[in-house]
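We will go from stop to stop, and at each one you will see what to look for.

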Amino acid sequence: MTIQRYKTINSTQSPSINRVLDIATINQDDPIIITGGNDQNVQIYDSQLNLKQEIPFDGWIRACAVFDMNGDNNYECAIGSGDNTLRVFVYDTDKSEYTEVWRHKFEKNVSAIAAGDINADGRIEILAGTWSGKLGIFDALTGEKLWELEFSDWVTFLKVLDVNWDGIPEIVVGLKQGEFGVISGITGELYWDYMFEKRVNDCELVYLSNNHLPHLVVGGDANDLYIFNRSGQVVSRWKTEDRILAIGAGDIDGDCYNEIVLGTSDNRVVVLQTPEEKKMDENEDINTELEVRWKARVHNAPTSIKVFDLYFDEIPKIIVTGYFKEIRVLQDFFFGEEPKKVRTCLNADVEEKTNEINKAELITENGVFYFPKKISLLEDIIKIPEEMTRERKEKAAIIIKNHNTFGDLDKIENQAKELENQNKSLRKKLDSLKIDNISELIKKQKRTEKQKELEEIETSKSKSTESFDNRQKLESKSQKELKGDNREKIISLMEKVQTISSETKVMEYLIENDIEKSEATRIWSELKEEEKVSYSRSKPRGWSLN
């Protein structure tokens, strides 16, 4: 007899491969699902998966974040795409659709976006990372660029999470070659970092079992789920059967313990849980042991997962999308048992089960998580000066008061400029916090022994090696630009066709589009080595961009 462990509550076909998925709420009781992918459009669906709006872009949709920047309970969204733009939209309740309010143009593709109050000033900041390694931090309301970080590598993902659990969220960033770091949003200081062997794709902050504090779970192309404590120490690892592309978390079964939901490149959704015997073990202060609860197969790789109380029935759902060109809503149905409602976790019985430090209060987020009370360490960390916080809040209050509909962008910009002229002292203080380049900070942090050895070898290279390096530098600017242009052109061409059945046909296609054979062969080899292209044996079979 087949035992059902989950139910598909709803599903709908997507017009293309979806790279991103996020969920916003309107008036606190109307969830909407935001997706986007390689058809160069953002799709907006209601909770029943009816398509309500499409927003066109000039490149693939690569990143999305939702946030409530003015406290009206109508969530805004920020979208990043292959046309090098960050675009911010607000929900117009009169038109029942999203309207653009500002945008910023970068030099390269926007590959990652996150949003949150990273500096404890009461305002939402938007973070956008690019292929060129730039990380821009913007005021969500005005679009003003506050400061910028610059890395030596492509930014693959961003999150705003309170990793050290002190009440102020940090910037969590992953780079293409595997570097992963946690950065202060106030000072730009690197708190800690870790060098993975391969690219990192996603992370989530999860409160597991009876632990005192949440843990940061991180996954990527290395086939391992890493579990970090708030100080950056790896406390546990869980081996996966394939690459981890997406991570979600929440109490999907109503047992008052959070589960971890993974999307893996072997076309599976994998749910991990704390083993039953560990849930009741109050003697263990640190418990990160996991086991598989169930697995669900989809038609292709899932790239984005959210756990959300989609129908406000207090039973969280798993919303997943990806290369299988579908949005699917799953619900836990382990051995045919309906999950309990999350609200039942917030009672005296649960308090008795938790550790002493957590006993005072349990809090929820989006109706799907539960966490212990936050530790108050605000007096022990650097804060933005009180007068700066006050001035920025006043600036936000004036803009919101005079322009509730967000329809007139020029009016917002003029008001912002007038206020900036009145608050030169504020600008000086913001400039004093600006960090132009954090690469040197990162280089000074601890690395693995292998990296240290490589650095020592690099500094002791012979003169012949230095001479070779000098010769390499003599390559003309026009040649470098041509190579870069051809690389971008090949990526753009592959985006247009999506899938090509064989490498021979790939070469023919590139040559037909005026790429020299030798150059096409060289760049294609680089893209394969960098895992930017791959061959899929499932339909549609062939070569495509990752």
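Select lysine 159 and aspartate 202. In this predicted model, the two form a salt bridge, and their closest N and O atoms are 2.9 Å apart. Now colour the strands they belong to. Lysine 159 is part of strand E14 (residues 155-161) and aspartate 202 is part of strand E18 (residues 200-206), so this pair ties together parts that are 43 residues apart in sequence.

**Stop two: another bridge between strands.** Next, select arginine 293 and aspartate 332. Their side chains meet in a salt bridge, with 2.8 Å from N to O. Arginine 293 sits in strand E25 (residues 291-297) and aspartate 332 in strand E28 (residues 326-332), so parts 39 residues apart in sequence are tied together by the pair. Arginine 293 is buried, and aspartate 332 is buried too.

While you are looking at charges, select Arg487, Glu519, Arg522, Glu526, Glu530 and Lys532. Salt bridges with shared partners join these residues into one network.

**Stop three: one partner in, one partner out.** Move to aspartate 46 and lysine 52, a salt bridge whose closest N and O atoms are 3.8 Å apart. Aspartate 46 has a relative accessibility of 14%, so it counts as buried, since the cut-off is under 20%. Lysine 52, with a relative accessible area of 56%, is exposed. How many salt bridges are there in total? The count comes to 25.

**Stop four: a covered strand.** Select residues 125-130, which make up strand E11. Six of its six residues are buried, so the rest of the structure largely encloses this strand.

Strand E10 (residues 110-116) runs antiparallel to E11 and is joined to it by six bridges. For one of these contacts, select isoleucine 113 and its bridge partner in E11, alanine 128. Strand E12 (residues 134-139) also pairs with E11 in the antiparallel sense, over five bridges. Here glycine 129 has leucine 135 as its bridge partner in E12. Follow the chain from E11 to E12 and you pass through a hairpin with three residues between the strands, where glycine 133 takes a positive phi near 95°.

**Stop five: aromatic rings.** The structure holds 19 aromatic pairs. For one of them, select phenylalanine 180 and tryptophan 192: the ring centres are 6.0 Å apart and the planes are at 50°, so the pair is tilted. Phenylalanine 180 belongs to strand E16 (residues 179-183) and tryptophan 192 to strand E17 (residues 190-195), so the pair ties together parts twelve residues apart in sequence. Phenylalanine 180 counts as buried at 0% relative accessibility, and tryptophan 192 is buried with a relative accessible area of 8%.

**Last stop: charges over rings.** Select arginine 87 and phenylalanine 57. The charged end of arginine 87 sits over the ring of phenylalanine 57, 4.1 Å from its centre. Then select arginine 199 and tryptophan 154, where the charged end of arginine 199 sits over the tryptophan 154 ring, 5.2 Å from its centre.

Key: Residues numbered from 1 in each chain as written. Predicted model: local features only at pLDDT ≥ 70, side-chain atom pairs only at ≥ 80, totals over all residues. Heavy atoms only, no water. Buried < 20%, exposed > 50% of the residue type's maximum accessible area, 1.4 Å probe, protein only. Helix = DSSP H or I, 4+ residues; strand = E, 2+ residues; numbered from the N terminus. Pairing = 2+ DSSP bridges. Salt bridge = Lys/Arg side-chain N within 4 Å of Asp/Glu carboxyl O. Phe/Tyr/Trp six-rings, centres within 6.5 Å; stacked < 30°, edge-to-face > 60°. Lys NZ or Arg CZ within 6 Å of the ring centre and 35° of its normal.
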